[in-house]
Every structure is written in structure tokens, then in C-alpha cells.
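Thanks for making the time this morning. I would like to walk you through one model, beginning with the overall fold and then moving to the ligand and the core.

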Amino acid sequence: MTMKLSTLVLGVVLGGIAAPAFAEGDAKKGEKVFRKCKACHVVDSDKNRVGPSLQNVMGRVPGSVEDYKYSKGMIAYGEENVWDAETLDAYLEKPKDVVKGTKMAFAGLRKEKDRADVIAYLMEHSEEVAEDEEKADSDS
Ligand code: HEC
């Protein structure tokens with residue numbers, strides 16, 4: 001059920017990816033930005049560190065990695081949201097404003113470009129997006 005929903009939302013997001021609301025991200029630069037996240041997160045495996053693994057985070061329900069103990073705020077946020085370019089952009093700018101009571105001790109990325117780049121990098125490490133992109137291509 002949640003899978004269905006996230007796939008649906010993803011489709012909408014991918015369709016809107018060229019919308020001017022978001023600066024286009026550069027995954028290569030995003031890898032550098034991700035250094036700021038590395039103390040607490042990995043993207044290339046499902047290992048949780050201080051924070052949950054961010055592998056396949058795109059299209060995922062917030063707070064849904066098994067065996068990771070999230071804050072109540074993140075679980076509540078996941079009841080109505082899915083991680084996509086838009087929700088990640090907001091969360092990464094001001095984590096505590098978007099997810100009340102989040103335990104992610106990170107001030108945020110103030111530069112829009114840094115957020116767009118790191119989101120592109122996270123997208124590269126999300127299989128579901130790659131599959132969906134193919135599907136979206138053949139659908140259109
Ligand atoms: C000091 C450690 C720390 C740093 C640095 C950090 N995070 Fe986090 N992150 C966390 C913790 C802890 C959580 C769990 C938050 C909660 O449960 O409220 C989290 C949660 C997240 C989530 C939600 C994941 C999910 O499974 O729902 C995303 C997305 C995220 N972080 C992205 C980032 C990115 C991108 C960066 C770098 C720009 C970053 N974080 C930097 C500790 C950190």
C-alpha cells in the first residue's frame with residue numbers, strides 16, 4: 001500500500017522535475033556536499049549509523065527504515081509525506097522546521113544549489129527512481 005502511494009507520488013515528482021521551482025542538481029557536486037552527511041549517513045549500503053541509511057531514500061516513506069529508531073516526529077511526518085525532491089529540499093534546508101522534534105542534529109544546507117546537488121546524488125543512489133524513470137519514458 002505504501003509502496004503504491006510512494007510510486008504514485010514519485011511519478012508526479014519525476015513528471016515535474018523540469019519545473020523551475022528547483023534548481024537542477026549535479027550529482028557529482030552532490031557527492032562533495034554529502035561529506036557533510038557522512039558522519040551520520042551512508043548511501044551505498046543499508047547500514048544505519050547515527051542516522052538511517054539513505055540508500056533508496058527517494059520515494060521512501062519518512063521514518064520507515066527497519067531497525068532504525070526514529071524520533072516520534074519523523075514517524076508522524078511519514079504518515080503524510082514521502083521523500084521526494086520537494087520534501088527533501090525543505091527538510092535539508094531547515095530540518096527542525098519541517099519535522100518537529102527530529103533528532104537529526106544538523107543545522108541545514110542554506111544554499112539551494114547545495115540542496116539540489118545533494119538531492120541529485122541521493123537520487124543516483126535510489127533504485128526505485130531509476131526503474132520509474134524508465135517506466136515514465138516508455139509511458140510517454
Ligand atoms: C549529526 C548527524 C547527522 C548529520 C550530519 C546528518 N544527518 Fe540526516 N539524520 C540524522 C538522524 C539522527 C536522523 C533521524 C531523524 C529522526 O528520526 O528524526 C536523520 C534523518 C535523515 C533523513 C530521513 C531518512 C528517513 O529514513 O526517513 C534524511 C533524508 C536525512 N537525514 C538526510 C541528510 C542529509 C542529506 C544530510 C547532509 C546534508 C544529513 N542528513 C546530515 C543524523 C544526521
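What you see here is a predicted model, and its protein chain is made up of 7 helices and 0 strands, so to read it from the N terminus on is to go α-α-α-α-α-α-α. The chain has 140 residues, of which 34% count as buried. If we take the contacts in the protein chain between residues at least 6 apart in sequence, 61% of them join residues at least 24 apart.

Let me turn to the ligand. There are 28 residues around the ligand, and those that come nearest are Cys 37, Cys 40, Gly 51, Ser 71 and Met 104. By class, this shell holds 20 nonpolar residues, together with 6 polar and 2 charged ones. As for the helices, H3, which covers 72-78, and H4, which covers 85-93, each supply at least two residues of the shell.

Which residues of the largest nonpolar core touch the most other members? In this core of 24 residues, they are Leu 88, Val 118, Ile 119 and Leu 122.

Note on methods
Residues are numbered from 1 along each chain as its sequence is written. This is a predicted model: local features need pLDDT of at least 70, side-chain atom pairs count only at pLDDT 80 or more; totals for chains, interfaces and linings use all residues. Helices (H or I, at least four residues) and strands (E, at least two) are DSSP runs, numbered from the N terminus. A residue is buried if 20 or more other C-beta atoms lie within 10 Å of its own, exposed if 12 or fewer, and partly exposed in between; C-beta atoms are placed from the backbone. Two residues are in contact if their C-beta atoms, placed from the backbone, lie within 7 Å. A residue is near a molecule or strand if its C-beta atom, placed from the backbone, lies within 6 Å of it. Ala, Val, Leu, Ile, Met, Phe, Trp, Tyr, Cys and Pro count as nonpolar, Asp, Glu, Lys and Arg as charged, and the others, Gly among them, as polar. A nonpolar core is a set of buried Ala, Val, Leu, Ile, Met, Phe, Trp, Tyr and Cys residues joined through C-beta atoms within 7 Å.
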